[in-house]
Amino acid sequence: MAGERISRRDGAGAVRAAPAFVLVEPQMGENIGATARAMLNFGLTAMRLVAQRDGWPNPKAGATASGATLVIDNARVFESTEAAVADCTFVAATTARSREILLPVLDPRALAQEMKQRIDAGERCAVLFGGERSGLSNEDVMRADAIVSIPVNPAFASLNLSQAAVVIAYEWGLVDGRASYESAIDRTLPASREDFDRLMDHLEAELDAARFFYPPEKRPLMARNLRAAFARAGFTESETRTLRGVIKALSRGRGAARSQASRGEPPKHEADDT
């Protein structure tokens, strides 16, 4: 979000804009802290507080934020909802209640997409969240450009403040390019054709030694089927190295077992006492 320059730095170190979360008349510091934690999980840092019941700063909020001090320390306090959203060009109000107010109703994903388009164009966006007891007033909702309704069970549509915040924050994270956490596999190169062929040649040689391919005339078909099955796994470079190590260990174990058997010794296991 322009103005507050809200949010995280991307991989190149550039500050990326994001919406502000405006908590209107929140009551418990613990809920504010939990909301801050949910926000920072998905790269949001701009929190605005309107008439917080217990004053600000609130030590209970900091304790519940679980390290999201960036959000807590930079939270801005306002006397009214009007003042909190005065610099915004697009405001969405979270509510589960049906109202007579004729505003567009968006689900969290549609809201995130709408805000992403606007923020990328240089606009300022905010999402209003009501207090724990009664939510947003009609007057607060009237200051919004759209209503965001989370598709919950209609027979039990009550969400905690931080729960509602994490749903919106998650959807924002998706449209802002945070699809998922990067896994170790994502950072590992796929095995080259040469690596894969070496693995299969190694495996087939050991299977030949173990007389796995029987009858001999079926060896070509059996070997092709094995290669096809292993190819579907899509091994990485490190996985092919690990598998070749496994094959070596098994072949050494088989050789040791044959040697012991030829000497009339019982098989030796790792768990045996020395």
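These are my notebook entries on a predicted model of one protein.

**Ground rules**

I number residues from 1 along each chain as its sequence is written, and I use heavy atoms for side-chain values, leaving out hydrogens and water. As this is a predicted model, I take local features only at pLDDT of at least 70 and side-chain atom pairs only at pLDDT 80 or more, while totals for chains, interfaces and linings use all residues.

**Entry 1: the whole protein**

I looked up the secondary structure and found 10 helices and 7 strands. Helices (H or I, at least four residues) and strands (E, at least two) are DSSP runs, numbered from the N terminus.

I then asked how much of the protein is buried: of its 274 residues, 36% count as such. Buried means under 20% relative accessible area, exposed means over 50%, and partly exposed lies in between, with a 1.4 Å probe and protein chains only.

The accessible surface comes to about 15,900 Å², and 52% of it belongs to carbon and sulfur atoms. Such areas come from the Shrake-Rupley method with a 1.4 Å probe; for residues, only the protein chains shown count as cover.

I also looked at contacts (heavy atoms within 4.5 Å). Among those between residues at least 6 apart in sequence, 79% join residues at least 24 apart.

**Entry 2: helix α5**

I checked the length of α5, residues 108-120. Its 13 residues should span 18 Å at 1.5 Å a residue, and the end C-alpha atoms are 18 Å apart, which agrees. The expected span is 1.5 Å times one less than the number of residues.

Which residues of α5 are buried? I list Pro108, Leu111, Ala112, Met115, Lys116 and Ile119. They cover an arc of only 135 degrees around the axis, so they sit on the same side of α5. The arc is that of the directions from the helix axis to the C-beta atoms. An α-helix has 3.6 residues a turn, so residues three or four places apart point the same way.

The partners of these buried residues are β4 (90-94), β5 (105-106), β6 (125-129), β7 (146-148) and α7 (161-175). Just after α5, I noted that glycine 122 takes a positive phi of about 100 degrees.

**Entry 3: helix α8**

I repeated the length check on α8, which has 17 residues. From first C-alpha to last it reaches 24 Å, close to the 24 Å expected at 1.5 Å a residue. Its buried residues are Phe196, Leu199, Met200, His202, Leu203, Glu204 and Leu207. Arginine 211 follows α8 and has a positive phi, near 60 degrees.

**Entry 4: aromatic rings**

I searched the whole structure for aromatic pairs and found 4. Rings of Phe, Tyr and Trp (its six-membered ring) pair if their centres lie within 6.5 Å; planes under 30 degrees apart count as stacked, over 60 as edge-to-face and the rest as tilted.

One of the pairs is tilted: phenylalanine 21 and phenylalanine 129, at 4.9 Å centre to centre with 50 degrees between the planes. Phenylalanine 21 is in strand β1 (residues 20-24) and phenylalanine 129 in strand β6, so the pair links parts of the chain 108 residues apart. Phenylalanine 21 counts as buried at 0% relative accessibility, and phenylalanine 129 is buried at 1%.

Another pair, phenylalanine 42 with tyrosine 170, is edge-to-face, at 5.8 Å centre to centre and 85 degrees between the planes. Phenylalanine 42 lies in the loop between α1 (29-41) and β2 (47-50) and tyrosine 170 in helix α7, so the pair ties together parts 128 residues apart in sequence. Phenylalanine 42 is buried at 18% relative accessibility, whereas tyrosine 170 is partly exposed at 39%.

**Entry 5: loops**

I looked for cis peptide bonds and noted one from tryptophan 56 to proline 57, with omega near 5 degrees. Proline 57 is in the loop between β2 and α2 (59-64). Another cis bond joins tyrosine 214 and proline 215, with omega about 0 degrees. Proline 215 is in the loop between α8 (193-209) and α9 (219-233).

Glutamate 25 is not a glycine, yet has a positive phi of about 50 degrees; its place is the loop between β1 and α1. Is serine 66 buried or partly exposed? Serine 66 counts as partly exposed, at 47% relative accessibility.

Last, I looked up threonine 95, in the loop between β4 and β5. Threonine 95 is buried at 11% and touches Ile147, Val148 and Ser149, not counting residues up to four places away in sequence.
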